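Hi everyone, thanks for making the time. Have a look at the sequence and the model on the screen, and I'll walk you through a few spots.

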Amino acid sequence: MNDKRLKSIVQGLVKEIVDYPAYVNIEVNRPNEALCELVVYTHSDDLKMVIGKGGKNVQAIRTLIYAMAAKSKVRCYVTVEENLSDLD
């Protein structure tokens, strides 16, 4: 699975559920060929929306990305963090 494709899918999903889509940024880290980490940065007010009640939203995103990456035999992790650039 192409990293750019995974990134664009996560970015599209997250931007649809947040109030500040301009602050959404996705960083892709590839420590090796078999491992991928997608770090989702959002506005601090949007963290609760991305994570969801009981973590259901972020877990749904993780499940989708795990399944897509598994076709290419890649283990992909998704984490959510506050975008520090939104702090003025």
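Let me begin with a definition: a charge sits over a ring if NZ of Lys or CZ of Arg is within 6 Å of the ring centre and within 35 degrees of the ring normal. With that in mind, find Arg-75, which lies over the face of Tyr-66 at 6.0 Å from the ring centre.

Before going on, some housekeeping. This is a predicted model, where local features need pLDDT of at least 70, side-chain atom pairs count only at pLDDT 80 or more, and totals for chains, interfaces and linings use all residues. Residues are numbered from 1 along each chain as its sequence is written, and side-chain values use heavy atoms, with hydrogens and water left out.

Now to the sheet. Helices (H or I, at least four residues) and strands (E, at least two) are DSSP runs, numbered from the N terminus, and two strands pair if DSSP finds at least two bridges between them. What is the order of the strands in the open sheet? The three strands are ordered E1-E2-E3, and the pairing is mixed. Strand E1 (25-32) and strand E3 (75-82) are the edge strands, each pairing on one side only. On average, neighbouring strands of this sheet are turned by 20° against each other, direction ignored. For these angles, axes are lines fitted to C-alpha atoms, for helices over the stretch in contact, and angles run from 0 to 180 degrees between N-to-C directions.

As a reminder, strands of a sheet pair through backbone hydrogen bonds, either parallel or antiparallel. Here, E1 and E2 are antiparallel, with six bridges, and a hairpin of two residues joins E1 to E2. In that pair, Glu-27 stands opposite Val-39 in E2. Glu-37 has Tyr-77 as its bridge partner in E3.

What lies across E2 and E3? That's helix H3 (residues 56-70), running at about 150° to E3. In the loop between H3 and E3 you'll find Lys-73, whose phi is near 60°, a positive value in a residue other than glycine. Is Lys-73 buried or exposed? Lys-73 is exposed, because its relative accessible area is 72%, where buried means under 20%, exposed over 50%, and partly exposed in between (1.4 Å probe, protein chains only).

Another lysine next. Lys-48 sits in helix H2 (residues 47-51) and is exposed, at 60% relative accessible area. Its side chain reaches the backbone oxygen of Asp-45 at 2.9 Å. That is a polar contact: a pair of N or O atoms within 3.5 Å, where within protein one must be able to donate a hydrogen and the other to accept it, and residues adjacent in sequence count only if both atoms are side-chain atoms.

Over to helix H1 (residues 3-17), where Gln-11 lies. Gln-11 counts as partly exposed, because its relative accessibility is 21%. Leaving aside residues up to four places away in sequence, Gln-11 touches Val-24 and Ile-26, with contact meaning heavy atoms within 4.5 Å.

Last stop, the aromatics. Rings of Phe, Tyr and Trp (its six-membered ring) pair if their centres lie within 6.5 Å; planes under 30 degrees apart count as stacked, over 60 as edge-to-face and the rest as tilted. By this rule there is one aromatic pair. Tyr-20 and Tyr-23 form it edge-to-face, 6.2 Å centre to centre with 75° between the planes.
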